[in-house]
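Open the model in your viewer and have the selection tool ready. The tour goes from one selection to the next and says what is there.

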Amino acid sequence: PPTIPHINPRRFFPLLLIALAFPLLASCESLLAPPTLSPTTRSTTFTATTAPSSLVSSLQESIGYLASDTLEGRGVGTDGLNLAASYVAGNFHGIGLQPAPGLTDYFQTFNITTINGTGPKSELKLVNSSSDKNYAADKDYVPMSLSAEKAFPATPVVFVGYGISSKDPAYDDYADIDVKGKIALALRLEPTDKTKNSRFKTGPGWSRNAEFDTKARLAAERGAVALIVVTPPGLGGEDKLAVNITVFGGIAAKIPVIQVKQAIVEEWLQLAGAQNLAQIAAGINENFKPNSFPLEKLQLSGNAELQKKTNAVKNVVGVLPGRGPHANEFIVIGGHYDHLGRGGWGSRSPNSHEIHHGADDNASGTAAVIEVARKLAKEDHLDHSILVMAFTGEEEGLLGSEYFVDHPLIPLKSMVAMVNLDMVGRVREGVLSVGGTGTSLALEKAVNDEAPAFPLTIKTAWKNGFAPSDNTSFLLKKIPTLFFFSGLHEDYHRPTDTADKINYIGEAAVVELTYRVITKLDALDKIDYVATTGTTNPANMGSPSNGASLGVVPDYGSDQSIIGVKISGTSPGSAADKTGLKNGDIITQLGKTKITSLYDLSDAINAAHPGDKIKMTFTRAGETTTVDVTLTARPSHD
């Protein structure tokens, strides 16, 4: 599934549907919390000794290749992603799948823009009469991927501690310092206790206050012209500059955001006659009190520019034609084949430049889709047609599946069900989570009828179908969905998600179960659809939330010049749905808050309460409309 990256912008899952309805923008730690589950039955009909050896071997071959170093982590903009697409297409051809209508091959191609590094016009300069100095991009500093691309003239610098403003617990680095028209210099992460755990969060990990986008938003709100961040000594691991490679999601900060190496900041502190970084950070951590101050005699000028590239990417699509009276109806099976490349914003090892192999996420699901299709192709008779898909761009916000449902190769109304396989390679203690059973009585019955034949404990997660994966794109088009998922683990979105850690016997059971569920559905005359309400969001992405929900799904692939938040859909029964918002609408104001970004919208919702009636302004086809909207309570995950 897409991450809700620790430093990122989009995948408010995201992975990347907020209290909006689908967040690809909150901390990734929130996604690691297990969903609410309810167990069903377990059997031992399918065991390690009865698992077909050919199936296990095929899974090992596919996952071994897709998660190999050769494929470079299957990140957008890499040759490895194209190699993966070709591998999947080759398997589709070998199985006997046909290209989808309108295609001469198995590829549905579209474009994604990536940030591929620092732009040549980037600069950072110390401006002092006696010690002017130019710093080297990618060695001394790097403009971060969420940075606004702007220049700033010679400007005084103010140290703002960790750059945090919090009400609970009460802590404000900006309380007694004026940064208007100045550069804010902040430490990464947040104050810690004696155990080096955050003072803003119970247990390991960091709160929303630690994220770069939060720090950038606060600095901009206080009037800073730029934000410079530095890793505090003793925290955050090695002093590495961020990997400046990611998909451009349009959730840019309003000011330049630049990371600088510790040694450079130490020079500045010495020039200003201040303590060193270790002393400053230790004092703040120990006393849990802000220590913000101007850096006298110090001025910096600079420019943040990012290298951007438009990449042609591919959904891989094949069709297995049905032969019965429902041959014009399609059951969709799919999973995403992309991953994180060498890391970046989506990584849980944020400073790593290593290949993120993505064996479980989602080479496992891709391999499973291939094997389910192989089994279905051997059926003597299928009543329905089967649409088999491998999506790209999922890690960047369901971009591939969203593109497909917005540009369907067959009519959406002919798709009667969708089964999504995402991270099915780490079945532990026989547990398999299944989402979406609440979207169709037929889908729920198919799972319940077939599961007892397998050594799997089926647990329900995201019963409403609004899961952080590609099935959500189909659900938003009122297509009932299932989501098979073997759970998160410590290797999730890290380089260590490798093929040797896959439970191949467990995944073989998932393949067999999926095959049986689809054949069960194929035998039905009608598959019902049940409208559900809900959100994939297990946490808020901005300021503390009061539990209110609007229920919109941001359009992450929208034109970056749009002022406001363009939506691609609404959650059924949500406040937005009841108000009549539609795909393509652009929200420009909510209550007293002008909406220029997802952060603005998130904060406006989080500041409100369920039941609040507030005015919302949006544009549709160039016309502006203001309506009253009554916010609902944020639904739970069950």
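Predicted model: local features only at pLDDT ≥ 70, side-chain atom pairs only at ≥ 80, totals over all residues.

Select Val431 and Thr457: Val431 stands opposite Thr457, a residue of strand E19. Val431 belongs to strand E18 (residues 431-435), which pairs with E19 (residues 457-460) in the parallel sense over four bridges. Two strands count as paired if DSSP finds at least two bridges between them. Helices (H or I, at least four residues) and strands (E, at least two) are DSSP runs, numbered from the N terminus.

Residues are numbered from 1 along each chain as its sequence is written, and side-chain values use heavy atoms, with hydrogens and water left out.

Next, select the open sheet of eight strands, in the order E4-E3-E13-E6-E9-E10-E12-E5, with mixed pairing. Which strands stand at the edges? They are E4 (133-134) and E5 (141-143); each has a single partner strand, so one side of each lacks a neighbour in the sheet. At the E4 end, E3 (residues 123-126) runs antiparallel to E4, joined by two bridges. Leu126 is opposite Lys133 of E4 there.

Turn to the largest nonpolar core, which has 74 residues; Val316 and Ile386 touch the most other members. Helix H11 (residues 504-522) gives the most to this core, with 10 residues. A nonpolar core is a set of buried Ala, Val, Leu, Ile, Met, Phe, Trp, Tyr and Cys residues joined through side-chain atoms within 4.5 Å. Buried means under 20% relative accessible area, exposed over 50%, and partly exposed in between (1.4 Å probe, protein chains only). Select Ile386: beyond its neighbours within four places in sequence, its contacts (heavy atoms within 4.5 Å) include Phe330, Leu376 and Ile518. A second, separate core of 36 residues includes Ile183 and Leu269.

Last, select Pro169, in the loop between strand E7 (165-166) and strand E8 (171-172). Is Pro169 buried or partly exposed? Pro169 is partly exposed, at a relative accessible area of 26%. Not counting residues up to four places away in sequence, Pro169 touches Arg199, Phe200 and Phe288. The C-alpha atoms of Pro169 and Phe200 are separated by 6.9 Å, although the two are 31 residues apart along the chain.
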